[in-house]
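Welcome! Try each task before reading its solution.

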Amino acid sequence: MVALIRLIHGALSAFFVACIALVYYCGITDRSSPLLIPAVIALLFEGAIVVLNRGDCPLGSLHRRLGDDKAFFELLLPARAARLAVPALGLITTAGFLLL
């Protein structure tokens with residue numbers, strides 16, 4: 001079950017990074033895309049969930065309930081950098097929105 005939640009979390013993370021990349025692409029090239037509005041809505045929805053979760057990734061508590069005591073970003077980054085990943089991605093997303 002831990003492997004499954006990590007796989008799902010990885011897929012969701014890749015999706016949101018792709019949304020951020022699309023926002024930057026459209027902002028830098030001054031072009032739109034049919035996917036831009038859905039990407040922005042997805043990022044705003046995710047941002048609202050993170051804010052309601054007091055700045056933490058909402059899947060973190062699910063990981064812990066399933067017995068996975070390692071945060072998702074700690075699979076990829078050192079512990080200190082992993083703790084900063086969600087706030088950093090929030091700032092990067094905000095900057096992308098401003099670029100639009």
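**Exercise 1.** Find where arginine 54 lies, and decide whether arginine 54 is buried or exposed.

*Solution.* Start with the place: arginine 54 sits in the loop between α2 and α3 (60-65). Keep in mind that this is a predicted model. Next, take the relative accessibility, which is 79%. Exposed means over 50%, so arginine 54 counts as exposed. Finally, look at the backbone: phi of arginine 54 is positive, about 60 degrees, although the residue is not a glycine. Most residues other than glycine have a negative phi.

**Exercise 2.** Describe how helix α1 (residues 2-29) and helix α2 (residues 36-52) cross.

*Solution.* First, their axes come within 9 Å and cross at roughly 125 degrees. The crossing is left-handed. Then list contacts: residues of α1 including Phe15, Ile20 and Val23 meet residues of α2, among them Leu36, Val40 and Glu46. By class, this contact has 12 nonpolar, no polar and 1 charged residues.

**Exercise 3.** Which side chain makes a polar contact with the side chain of histidine 9?

*Solution.* Histidine 9 is in helix α1 and, at 4% relative accessibility, counts as buried. The polar contact of its side chain is with the side chain of histidine 63, at 2.7 Å.

Note on methods. Residues numbered from 1 in each chain as written. Predicted model: local features only at pLDDT ≥ 70, side-chain atom pairs only at ≥ 80, totals over all residues. Heavy atoms only, no water. Axes fitted to C-alpha atoms, helices over the stretch in contact; angles between N-to-C directions. Helix = DSSP H or I, 4+ residues; strand = E, 2+ residues; numbered from the N terminus. Left-handed = near helix turned anticlockwise from the far one by under 90°. Contact = heavy atoms within 4.5 Å. Nonpolar A, V, L, I, M, F, W, Y, C, P; charged D, E, K, R; others polar. Buried < 20%, exposed > 50% of the residue type's maximum accessible area, 1.4 Å probe, protein only. Polar contact = N/O pair within 3.5 Å; in protein donor to acceptor, adjacent residues only side chain to side chain.
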